[in-house]
Amino acid sequence: MPHTADRQSTQARQAEIIAAVLALSASQGPGTITTQGIASAIGLTHGALFKHFPTKAALWLAVIDWVDAQLMTRLHAAANDHDHPVAALRAVFMAHTDFVVAHPGVPRFIFNELQQPEDSPLKHRVSDMLVRYRQLLQARLQHAAALGALRPRLDLDAAATLFIGSLQGLVMQAMLRGDTADMHHAAEAVFAIYRSAILVELAS
């Protein structure tokens, strides 16, 4: 059996490889990234890279698994920090924004893969992540509705779609600018509009 130190070394190297993929995705088209380029970026031989990931497809799935684990952990933590569901929704919105600012290669990597015409395990992983994301949002929206905080007859599924779509729009604009630095300020303004769209109108 491999020693604990060997396993830790392997995990550390795999994490380094995944980070390299995302770093390269931030600076070049993800579709142009090669395994040789990844290996060179972290000082590995091409053969050594494949000792950690037997195929490029396996590496790409590992990248998505990392994104899934990191993003969903942050979003749940952000939501659970607030008792009121509307405050939790804002925290999720900003946590997702901060994740993109910290890892600009993530949306480029995901969007590139989703544009591929063929079905793939990677697309299924992204779809599963999106389902769990919507469940997180809908739980908070349902809680807010039970408190009477939302507009009467508000379509909660559409509200979850608008939440995710608003974030995607912010990300796309940041990608077009080639800079995510201003996303946090823009996200605050966008969420304020989203909030006013879903909350019950107060009598003036």
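## Lining of the largest pocket

By class, the lining of the largest pocket comprises 16 nonpolar, two polar and no charged residues, where Ala, Val, Leu, Ile, Met, Phe, Trp, Tyr, Cys and Pro count as nonpolar, Asp, Glu, Lys and Arg as charged, and the others, Gly among them, as polar. The model is a predicted one, in which local features need pLDDT of at least 70 and side-chain atom pairs count only at pLDDT 80 or more, while totals for chains, interfaces and linings use all residues. Residues are numbered from 1 along each chain as its sequence is written, and side-chain values use heavy atoms, with hydrogens and water left out.

The volume of the largest pocket is about 380 Å³. A pocket here is an open set of points on a 1 Å grid over the protein atoms alone, where a 1.4 Å probe fits, with protein on both sides within 12 Å along at least five of seven lines, and lining residues have an atom within 4 Å of a point; the volume is the space filled by probe spheres set on the points, which are joined across faces, edges and corners.

Of its 18 lining residues, H96, I110, F111, M129 and Q168 are the closest to the centre of the largest pocket.

## Contributing helices

Two or more lining residues each come from α4 (56-80), α5 (85-102), α6 (105-114), α7 (121-146) and α8 (156-177), and α6 gives the most, with five residues. Helices are DSSP runs (H or I, at least four residues) numbered from the N terminus.

## Second largest pocket

The second largest pocket holds about 170 Å³ of space, and its lining divides into five nonpolar, two polar and four charged residues. Among the residues that line the second largest pocket are K56, W60, E113, E118 and K123. The elements giving two or more residues to this lining are α4 and α7, with α4 giving the most, four residues.
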